Amino acid sequence: MNLTKEQKIERSQSLASEIKQSAGIFFTAYQGLKFKELAGLRESLSNAKCKFRIERNSILTHALKTAGIEGVDENLLKGPTAVAILKEDGDVAMSAKSLADFTKQNAAFKIRAGYTDGVWYDEAKIKVLATIGSKEENLSKLAGVLYNAVAQSAQVLQAPIRDLAYVLKAVEDSKK
C-alpha cells in the first residue's frame, strides 16, 4: 500500500502521540509468522493493555524522534519491525511475559528491544522483566508480607501478658 507524504506524516504524528502517552514500547521482528499467530499475540497482549502493530521503519523513526525518545540504536529499525505499545495504565511485566511466552512458542518471532521510563532494555533484560510477575501478583505478595509482619509484632507484644497469666495460674494451682 503506497502512502502519500501527508499520510505518512499523519501516521507518524499519531504514533508519536501514542508513544508519548504510553508506559512503554517493545520492538520486535515478526518475519515468517502467519496472521493467525499474530492475532493470538495481539489477544494475549490486549490482556496486558498493550497494542501490537506493524509499522514502516521510516514512520517509526520519525515518530520516535517526535516523541522525544533518544538513544535509539540504528540497527533496531532494520528489517520488518512491529511494535507493542503499552497503554499508560498497562503492566510492563505482564506485556514482557506475553512477548517472552510467544517467543518460546514461535522461533521466528524475536524481541529486539524495549523502552520504558527512559530506560532501554535488550532482549535478555526483557526476559528477566517477564519473570517479575504482574502488578496484582506483586501487590498480593506485599500484602501478605505486611500482614505477617503485623501478626508477628502482635504475638511478640502479647507474649509477656500471656506469660504473666501462666505464672499467676501456676501460683494459684500451687497454693491449692
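Author: One term before we start: contact means heavy atoms within 4.5 Å. Also, this is a predicted model.

Reader: Fine. Which residues of α4 meet α5?

Author: On the α4 side, Val92, Ala93, Ala96, Lys97, Ala100 and Thr103. They meet Ile126, Lys127, Leu129 and Ala130 in α5.

Reader: Where do those two helices sit in the chain, and what is the crossing angle?

Author: Helix α4 covers residues 92–105 and helix α5 covers residues 123–130. Their axes come within 7 Å and cross at roughly 115°. Angles of 65 to 115 degrees count as roughly perpendicular, so α4 and α5 are roughly perpendicular to each other.

Reader: Is that crossing left-handed or right-handed?

Author: Left-handed for α4 and α5.

Reader: And α2 against α4, what angle there?

Author: About 155°, with the axes 9 Å apart. Helix α2 is residues 35–46. Over 145 degrees counts as roughly antiparallel, and α2 and α4 are therefore roughly antiparallel to each other. The α2/α4 crossing is right-handed.

Reader: Which residues meet there?

Author: Glu37, Leu41, Ser44 and Leu45 from α2. Their partners in α4 are Ser95, Ser98, Leu99 and Phe102.

Reader: Switching to α1 and α3. How do their axes cross?

Author: At roughly 50°, coming within 8 Å. That makes α1 oblique to α3. The crossing of α1 and α3 is right-handed.

Reader: What meets what in that pair?

Author: From α1: Lys8, Arg11, Ser12, Leu15, Ala16, Ile19 and Lys20. From α3: Ile59, Leu60, His62, Ala63, Leu64, Thr66 and Ala67.

Reader: Arg11 again. Which residue does Arg11 form a salt bridge with?

Author: Glu55, with the closest N and O atoms 3.2 Å apart. The pair links distant parts of the chain, 44 residues apart. Arg11 is in helix α1, residues 5–20. Glu55 is in the loop between β2 (50–54) and α3 (57–67).

Reader: How many salt bridges does the structure hold?

Author: Eight.

Reader: New topic, the surface. Which residues form a nonpolar patch?

Author: Leu139, Leu142 and Leu146 form one. Together they have about 300 Å² of accessible area.

Reader: Which helix does Leu146 lie in?

Author: Leu146 lies in α6, residues 135–175.

Technical notes:
Residues numbered from 1 in each chain as written. Predicted model: local features only at pLDDT ≥ 70, side-chain atom pairs only at ≥ 80, totals over all residues. Heavy atoms only, no water. Patch = residues over 30% accessible without salt bridge, like charges linked within 9 Å, V, L, I, M, F, W, Y side chains within 5 Å. Areas by Shrake-Rupley, 256 points an atom, 1.4 Å probe, with all protein chains shown as cover. Salt bridge = Lys/Arg side-chain N within 4 Å of Asp/Glu carboxyl O. Helix = DSSP H or I, 4+ residues; strand = E, 2+ residues; numbered from the N terminus. Axes fitted to C-alpha atoms, helices over the stretch in contact; angles between N-to-C directions. Parallel < 35°, antiparallel > 145°, perpendicular 65-115°, else oblique. Left-handed = near helix turned anticlockwise from the far one by under 90°.
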